[in-house]
Amino acid sequence: MGTRADFYVAKPSGLEWLGSIGSDGYEIDHVSMAPTEDQFRQSVAEFIEARSGRGPWRPWPWPWKD
């Protein structure tokens with residue numbers, strides 16, 4: 001089992017979940033360095049797409065509620 005990663009955007013009403021991957025979450029440096037929300041969303045989408053064999057998981061993949 002590898003490192004897991006969840007991706008969120010903070011909103012006034014709470015967090016918006018963008019997606020999760022089940023392994024290799026340690027590779028997120030380029031995602032976390034995005035300077036704007038739009039660039040972050042794009043980086044997350046590209047990151048998850050590139051690892052589609054290892055995620056993304058939808059709906060919520062974890063055995064806990066939040």
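A residue counts as buried under 20% relative accessible area, as exposed over 50%, and as partly exposed in between. R41, with a relative accessible area of 26%, is therefore partly exposed. The model is predicted. A search of the whole structure finds 3 salt bridges.

**Pairs between a strand and a helix**
- E37 and K11 form a salt bridge through their side chains, with an N to O distance of 3.1 Å.
- This pair links distant parts of the chain, because E37 belongs to helix α2 (residues 37-50) and K11 to strand β1 (residues 5-11), 26 residues apart.
- E16 pairs with R41 in a salt bridge whose closest N and O atoms are 2.6 Å apart.

**Pair within helix α2**
- The side chains of E37 and R41 also meet in a salt bridge, at 2.9 Å from N to O.
- E37 and R41 are 4 residues apart in helix α2, which means that about one helical turn separates them.

**Network**
- Through shared partners, the salt bridges join K11, E16, E37 and R41 into one network.

**Exposure of the partners**
- E37 has a relative accessible area of 34% and is partly exposed.
- K11 is partly exposed at 32% relative accessibility.
- E16 is partly exposed, its relative accessible area being 30%.

Note on methods
Residues numbered from 1 in each chain as written. Predicted model: local features only at pLDDT ≥ 70, side-chain atom pairs only at ≥ 80, totals over all residues. Heavy atoms only, no water. Salt bridge = Lys/Arg side-chain N within 4 Å of Asp/Glu carboxyl O. Helix = DSSP H or I, 4+ residues; strand = E, 2+ residues; numbered from the N terminus. Buried < 20%, exposed > 50% of the residue type's maximum accessible area, 1.4 Å probe, protein only.
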